[in-house]
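Trainee: Can you walk me through this one? I would like the folds, the packing and the rings, in that order.

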Amino acid sequence: MTIKTAFPPTLSPRVLASAIPWWGWQLGGAFAIYLVVSYFMLGAYPDAQPHLRIDFSPLLDASLQIKTHVTGALSAFFIGLILLLAPKGFRFHKTLGWAWIVAMSVTAVSSFFITGIFQNAYSPIHALSAWTLIGLPFGVAAIRRRDVKKHRQTMTGMFVGGMAIAGLFTFLPGRLMWSLFVGT
């Protein structure tokens, strides 16, 4: 006769890895890269004294392209949070979904008029903008085919990649969001 014990199952690395969703790995990796890049950027300026503050004057002094981009990005971020956190299929999901698509499109298109990282050349972040403009119609097509799983994956991927990961890199030292909230 075999005696069964109530010991918890062993937690192997494979079990732990499968417990974290794919977007969690992406965010974690992006955050690790962000920390390394920020460390080296701040190391280049030993006199820098970052401190938490809020100063909107850099945004108010920015060009129209940057103001448009920031407005679209903030709109897409907050609408996207509502869509992700609210119950799926709630009454205004479709309306907010279209508003999110418009905000994401404005954000992606306006990014092509901003070339601040590499002076007058496009950066790898612009590849995310191009991918967003390609991916948005695929997300809409998926839900029109009633493929809810593909729609959810596509739209969540664009939110994580376009809003969370690209948004994280706007807070690198020397960039606009850094100067708005941290500054040196």
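**Helices, packing and rings**

Mentor: From the N terminus on, the elements of the protein run α-α-α-α-α-α-α-α. This is a predicted model, where local features need pLDDT of at least 70 and side-chain atom pairs count only at pLDDT 80 or more, while totals for chains, interfaces and linings use all residues. Residues are numbered from 1 along each chain as its sequence is written, and side-chain values use heavy atoms, with hydrogens and water left out.

Trainee: How many helices and strands are there in the protein?

Mentor: Eight helices and zero strands. Helices (H or I, at least four residues) and strands (E, at least two) are DSSP runs, numbered from the N terminus.

Trainee: What percentage of the residues is buried?

Mentor: Buried residues make up 28% of the 184. Buried means under 20% relative accessible area, exposed over 50%, and partly exposed in between, with a 1.4 Å probe and protein chains only.

Trainee: And what share of the contacts comes from residues 24 or more positions apart?

Mentor: Of the contacts with a separation of 6 or more, 68%. A contact here is heavy atoms within 4.5 Å.

Trainee: Take α5. Which of its residues are buried?

Mentor: Gly97, Trp100, Ile101, Ala103, Met104, Thr107, Ala108, Ser110 and Ser111. They pack against α4 (64–85), α6 (124–144) and α7 (148–169).

Trainee: What span should α5 have?

Mentor: Helix α5 covers residues 93–111, and its 19 residues should span 27 Å at 1.5 Å a residue. The end C-alpha atoms of α5 are 26 Å apart, which agrees. The expected span is 1.5 Å times one less than the number of residues.

Trainee: Switching to rings. How many aromatic pairs does the structure hold?

Mentor: Seven. Rings of Phe, Tyr and Trp (its six-membered ring) pair if their centres lie within 6.5 Å; planes under 30 degrees apart count as stacked, over 60 as edge-to-face and the rest as tilted. Tyr34 and Phe169 have ring centres 6.2 Å apart and planes at 75 degrees, so that pair is edge-to-face. Tyr34 lies in helix α2 and Phe169 in helix α7, so the pair ties together parts 135 residues apart in sequence.

Trainee: Are those two buried or exposed?

Mentor: Tyr34 counts as buried at 11% relative accessibility, and Phe169 is buried at 17%. Another edge-to-face pair is Phe56 with Phe181, at 6.4 Å centre to centre and 85 degrees between the planes. Phe56 lies in the loop between α2 and α3 and Phe181 in helix α8, so this pair ties together parts 125 residues apart in sequence. Phe56 is partly exposed at 46%, as is Phe181 at 25%.

Trainee: Which residues do ring pairs link into a cluster?

Mentor: Phe31, Tyr34 and Phe169.

Trainee: Last topic, the surface. Which residues form a nonpolar patch?

Mentor: Ile33, Val37 and Met41, with about 220 Å² of accessible area together. Val37 is in helix α2 (residues 22–43) and is partly exposed, with a relative accessible area of 31%. Like charges are joined within 9 Å, and nonpolar side chains (Val, Leu, Ile, Met, Phe, Trp, Tyr) within 5 Å.

Notes:
Patch = residues over 30% accessible without salt bridge, like charges linked within 9 Å, V, L, I, M, F, W, Y side chains within 5 Å. Areas by Shrake-Rupley, 256 points an atom, 1.4 Å probe, with all protein chains shown as cover. Salt bridge = Lys/Arg side-chain N within 4 Å of Asp/Glu carboxyl O.
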